[in-house]
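Welcome! Take a moment to look over the model below, and then let us walk through it together.

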Amino acid sequence: MNLPKDPVILLSFINTHLRNHYSSLEDLCKSYGISQEELTKTLATINYHYKPEKNQFV
């Protein structure tokens with residue numbers, strides 16, 4: 001799947017899908033066949049980090 005390239009749009013896309021469809025970041029990454037490490041690095045560039053207790057990037 002082609003994910004948004006812009007980190008801010010990617011953040012919105014990922015958090016929406018985490019909230020509506022996935023119980024964890026690991027599940028989302030497996031489903032989309034993407035690297036959890038790369039995703040977290042990309043969102044860290046805009047100072048967002050995954051919080052498992054909230055199941056979202058904050």
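A nonpolar core is a set of buried Ala, Val, Leu, Ile, Met, Phe, Trp, Tyr and Cys residues joined through side-chain atoms within 4.5 Å. Please keep in mind that this is a predicted model.

**The core**

In soluble globular proteins, nonpolar side chains tend to be buried together. Here, the largest nonpolar core has 15 residues. Which of them touch the most other members? They are Ile14, Leu18, Leu28, Leu39 and Phe57. Two or more residues of this core come from each of helix 1 (7–21), helix 2 (25–32) and helix 3 (36–44). Helix 1 gives the largest share, five residues.

When its neighbours within four places in sequence are left aside, Leu39 is in contact with Leu10, Ile14, Leu25, Cys29 and Ile34.

**How two helices meet**

Two packed helices are described by the angle between their axes and the distance between the axes. For helix 1 and helix 2, the angle is about 110° and the axes are 10 Å apart. Angles of 65 to 115 degrees count as roughly perpendicular, so helix 1 is roughly perpendicular to helix 2. Which residues make the contact? Helix 1 brings Phe13, Ile14, His17 and Leu18, while helix 2 brings Leu25, Leu28 and Tyr32. Sorted by class, this contact of helix 1 with helix 2 holds six nonpolar residues, one polar residue and no charged ones.

**Charged pairs**

Side chains of opposite charge can pair when their charged atoms come close. How many salt bridges does a search of the whole structure find? There are two, and the table shows them.

| Salt bridge | N to O distance |
|---|---|
| Glu26 and Lys30 | 3.1 Å |
| Glu37 and Lys41 | 3.2 Å |

Glu26 and Lys30 both belong to helix 2, where they sit four residues apart, about one turn of the helix. Glu37 and Lys41 are separated by about one helical turn because they are four residues apart in helix 3.

Are these side chains buried or exposed? Lys30 has 61% relative accessibility, so it counts as exposed. Glu26, at 43% relative accessibility, counts as partly exposed, and Lys41 counts as partly exposed at 47% relative accessibility.

Conventions
Residues numbered from 1 in each chain as written. Predicted model: local features only at pLDDT ≥ 70, side-chain atom pairs only at ≥ 80, totals over all residues. Heavy atoms only, no water. Buried < 20%, exposed > 50% of the residue type's maximum accessible area, 1.4 Å probe, protein only. Contact = heavy atoms within 4.5 Å. Axes fitted to C-alpha atoms, helices over the stretch in contact; angles between N-to-C directions. Parallel < 35°, antiparallel > 145°, perpendicular 65-115°, else oblique. Nonpolar A, V, L, I, M, F, W, Y, C, P; charged D, E, K, R; others polar. Salt bridge = Lys/Arg side-chain N within 4 Å of Asp/Glu carboxyl O.
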